[in-house]
Amino acid sequence: MKGSMWNSLSGPWQTTLDLAWDAYCKDCIPIGAVVTDENGIILSQGRNRVNDITGATGHTNYHFLANAELNALITLDYQTIDPHTCVIYTTTEPCPLCMGAIYMSGLRSIHYASRDPFAGSTNMLGKTPYLSLKPVKSYGPFDAILEVVLMALYVEFAKNDLQNKPSRRIAQVLERMGQVVPECVQLGNVLHRSGELRRMQRQGFTAAEVINTLATYVKSKRYA
């Protein structure tokens, strides 16, 4: 995989993507998150577990609060580390729940690899007296191709979900994503129709293999 997208990513980002793919494979929303120290050493991690009947020790699961960032935050050892020095990396822009949890945890730095045009809430920072007290900084997508890949992964997951349980909210999310990043919905639709991601899941593809494959699709405009 020399010269691949995967190899261009730092350790924390690779782990968040591993977690996101694991969530997808467990029929959960494909989002992963890690908390690191100032040197990039991973201190805790979490993935979305909204559909997991059983969860990992210390993680919350099987309800709508079981988000990736929340699980990464609640398993952080606040007795031995200073949260002010920590950084959270997440595949997707935090929603209102996770944005509030990050802010209240004491972390000062948020990095996310893809926007959430519907529920993304980093714009909450500085909007109220309380949310203006702490010097929390957020840093958005750093690679346009990776962003399309991650958003397409969500679109494909959501399309499968819609087949089983029609949802006006999910339809609204997909509509908004299509308005902001049309390529992600186009690629997600192609993946949904072809069943390719489900095939990768059944065949035990790693996150690295999935990310590199989808990145190639984006570069070649296979979704067109």
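Biologist: Which residue in S3 does threonine 36 stand opposite?

Modeller: This is a predicted model, where local features need pLDDT of at least 70 and side-chain atom pairs 80 or more, while totals for chains, interfaces and linings use all residues. Numbering runs from 1 along each chain as its sequence is written, and side-chain values use heavy atoms, without hydrogens or water. S3 covers residues 87–90. There, threonine 36 faces valine 87.

Biologist: How many bridges pair S1 with S3?

Modeller: Strands are DSSP runs (E, at least two residues), numbered from the N terminus. They pair if DSSP finds at least two bridges between them. S1 and S3 are antiparallel, and their bridges number four.

Biologist: What is the bridge partner of threonine 36 in S2?

Modeller: S2 spans residues 42–47 and runs antiparallel to S1, with five bridges joining the two. Within S2, threonine 36 has as its bridge partner isoleucine 42.

Biologist: Which residue takes a positive phi in the hairpin of S1 and S2?

Modeller: Five residues lie between these strands. The phi near 85° belongs to glycine 40.

Biologist: Why is S1 largely enclosed by the rest of the structure?

Modeller: Gly32, Val34 and Thr36 point one way, Ala33 and Val35 the other, and all are buried (under 20% relative accessible area; exposed is over 50%, partly exposed in between; 1.4 Å probe, protein chains only). S1 (residues 32–36) is largely enclosed because the buried residues number five of the five.

Biologist: What is the relative accessible area of tyrosine 130?

Modeller: Tyrosine 130 sits in the loop between strand S4 (109–112) and strand S5 (137–139). Tyrosine 130 counts as partly exposed because its relative accessible area is 38%.
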